[in-house]
Amino acid sequence: MSEATVADTRRLNSKPQDLTDAYGPPSNFLEIDVYDPQTIGVGRNRFTTYEVRMKTNLPIFKLKESCVRRRYSDFEWLKNELERDSKIVVPPLPGKALKRQLPFRGDEGIFEESFIEERRSGLEQFINRIAGHPLAQNERCLHMFLQDESIDRNYIPGKVRQ
Amino acid sequence: MSFFSFGQTAEIDIVLNDAETRKKVEHKTEDGKKDKYFLFYDGETVSGKVNVTLKNPGKRLEHQGIKIEFIGQIELYFDRGNHHEFVSLVKDLARPGEMAQSQTFDFEFTHVEKPYESYTGQNVKLRYFLRATISRRLNDVCKELDIVVHTLSTYPELNSSIKMEVGIEDCLHIEFEYNKSKYHLKDVIVGKIYFLLVRIKIKHMEIDIIKRETTGTGPNVYHENDTIAKYEIMDGAPVRGESIPIRLFLAGYEMTPTMRDINKKFSVRYYLNLVLIDEEERRYFKQQEITLWRKGDIVRKSMSHQAAIASQRFEGSLRAPKIDSKHDI
């Protein structure tokens with residue numbers, strides 16, 4: 001048997017990359033910031049809202065930039081919708097902190113600065129993880145959460161097509 | 001073991017005639033250890049001597065016959081009692097009678113068929129061995145000598161590359177290419193991944209080699225997957241138009257040739273698994289089967305005459321691992 005004893009390990013031929021592709025903005029740009037917590041209302045009817053600002057170049061999102069205000073229960077709503085309708089494993093939200101809502105605490109409870117910061121960070125992680133998931137990006141509830149002024153809880157659940 | 005201290009016991013020893021010159025190879029045992037065994041190929045003659053040594057000098061050994069067998073068998077671990085013998089040869093060495101002193105018997109199994117490669121797996125074992133037996137009324141005296149058989153192939157005539165475009169609609173499109181569909185065990189996988197659309201945030205990409213051992217038939221089929229290798233080929237985020245090269249040397253990994261439906265009892269198949277991982281640890285993968293085959297070593301002067309005959313025999317042999325044409329793409 002006379003055959004080559006050294007294998008040919010040269011690279012396969014490939015198309016040269018277009019320079020606009022190489023140096024242009026990547027097509028996967030998606031950034032969501034959760035910040036500027038504001039506590040609204042007085043006494044026992046207080047609640048905290050957060051600004052959810054999104055910047056993206058993904059074609060599936062109608063708006064390339066959006067800015068909405070959301071509260072914790074809105075995030076919970078989104079999580080429930082996705083758990084019901086989509087096939088993804090939804091990441092966890094930061095805790096509900098029921099203990100903090102009990103009376104006779106020494107501190108501000110759920111309006112304590114350090115707690116709000118912890119929650120803000122957890123919500124930011126949560127929304128970035130979901131919004132980047134190819135299967136979650138098809139869900140109407142996600143688009144409404146990120147880009148509509150307010151959430152219509154009576155909406156018709158469904159998929160978004162590009 | 002004899003319970004009667006006044007009886008005669010014997011020890012058996014099997015020695016091959018070409019023990020000095022025949023090559024030995026390492027082979028895994030069932031408990032994971034590696035041992036060395038004599039290497040044989042299909043068609044080679046197995047010959048040697050059986051030494052029967054009497055332990056108590058002066059006493060005679062009564063027996064019902066002495067024989068030697070050459071056996072090739074498949075053992076499924078979930079069905080230990082049943083050994084499926086696909087090769088079974090026997091030579092009688094002595095008729096029933098008495099042995100007055102230690103003796104040596106010659107044996108030869110000429111041009112033995114060894115259609116399959118020796119394999120020790122997770123749920124199945126295929127082995128070849130010589131077994132010498134002294135039959136006695138109460139208990140036989142037995143000795144086994146395992147050998148290892150390798151099946152060799154030559155370069156396949158048809159060996160097309162594997163090239164495919166896969167992806168997730170509107171999110172990720174790639175074209176992957178591997179230079180061949182059939183690789184020998186010391187070959188190199190040369191390929192590339194070309195990115196057509198990247199709308200997810202990829203962190204890195206790796207290629208895994210997965211071995212799948214399938215045992216059982218019909219509703220009792222059981223697949224055992226084992227990741228033999230994980231090899232990172234890209235670290236960082238690619239963009240459209242980028243080509244990532246693949247060069248994976250197979251000689252560093254412990255693999256066997258692809259075995260398809262051996263004696264209708266088991267299969268061992270290999271897959272390349274291309275895995276992309278994004279920043280949230282989500283995994284996107286594409287699995288593709290490859291055929292592995294064993295190339296014969298270059299014929300050296302010291303190679304035994306018999307092995308040279310055997311290697312000429314199998315070049316046209318129908319029993320070389322079947323390179324199934326329907327797996328060409």
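**View 1. Glu177(B) and Lys163(B) meet in a salt bridge.** The closest N and O atoms of this pair are 3.7 Å apart; a salt bridge here is a side-chain nitrogen of Lys or Arg within 4 Å of a carboxyl oxygen of Asp or Glu. The pair links distant parts of the chain, with Glu177(B) in strand 14 of chain B and Lys163(B) in strand 13 of chain B, 14 residues apart. Helices (H or I, at least four residues) and strands (E, at least two) are DSSP runs, numbered from the N terminus. Glu177(B) is buried at 12% relative accessible area, while Lys163(B), at 45%, is partly exposed. Buried means under 20% relative accessible area, exposed over 50%, and partly exposed in between (1.4 Å probe, protein chains only).

A word on what you are looking at: this is a predicted model, in which local features need pLDDT of at least 70 and side-chain atom pairs count only at pLDDT 80 or more, while totals for chains, interfaces and linings use all residues. Residues are numbered from 1 along each chain as its sequence is written, chains are lettered from A and ligands numbered from 1 in the order in which they are written, and side-chain values use heavy atoms, with hydrogens and water left out.

**View 2. Glu289(B) pairs up with Arg260(B).** Their side chains form a salt bridge at 3.4 Å, N to O. Glu289(B) sits in strand 22 (residues 283-293) of chain B and Arg260(B) in strand 20 of chain B, so the pair ties together parts that are 29 residues apart in sequence. Glu289(B) counts as buried, with 15% relative accessibility.

**View 3. Five charged residues of chain B join in a salt-bridge network.** The members are Glu69(B), Arg127(B), Arg131(B), Glu144(B) and Asp146(B). Over all chains, the structure holds 39 salt bridges.

**View 4. Here the two domains of chain B come together.** Domain 1 covers 10-149 and domain 2 covers 162-293, with bounds from an automatic or database domain assignment. Their C-alpha centres lie 40 Å apart, and 15 residues from each domain take part in the contact, meaning heavy atoms within 4.5 Å. The two domains bury about 1300 Å² between them, 65% of it on carbon and sulfur atoms. Buried area is the accessible area (1.4 Å probe) that two parts lose on being put together, summed over both. How many salt bridges does the rule find across this interface? There is one: Lys34(B) with Glu254(B), closest N and O atoms 3.3 Å apart. Lys34(B) is partly exposed at 42%, and Glu254(B) is exposed at 53%.

**View 5. Chain B meets chain A.** On this interface, 31 residues of chain B are in contact with 29 residues of chain A. About 2600 Å² is buried between the chains, and carbon and sulfur atoms give 56% of that. Two salt bridges cross over; one of them joins Arg240(B) and Asp21(A) at 3.0 Å, N to O. The rule also finds nine residue pairs in polar contact, both residues at pLDDT 80 or more. A polar contact is a pair of N or O atoms within 3.5 Å; within protein, one must be able to donate a hydrogen and the other to accept it, and residues adjacent in sequence count only if both atoms are side-chain atoms. On the chain B side, strand 16 of chain B gives the largest share, six residues. That side divides into 12 nonpolar, six polar and 13 charged residues. Ala, Val, Leu, Ile, Met, Phe, Trp, Tyr, Cys and Pro count as nonpolar, Asp, Glu, Lys and Arg as charged, and the others, Gly among them, as polar.

**View 6. Thr45(B) is tucked into a loop as a buried residue.** The loop runs between strand 3 (34-40) and strand 4 (46-54) of chain B, and Thr45(B) has a relative accessible area of 6%. A polar atom of the Thr45(B) side chain lies 2.9 Å from the backbone nitrogen of His111(B).

**View 7. Helix 4 of chain A is mostly covered.** Seven of the eight residues in this helix (residues 140-147) are buried, among them Cys141(A), Met144(A) and Phe145(A). The covering parts include helix 2 (72-85) and helix 3 (113-131) of chain A.
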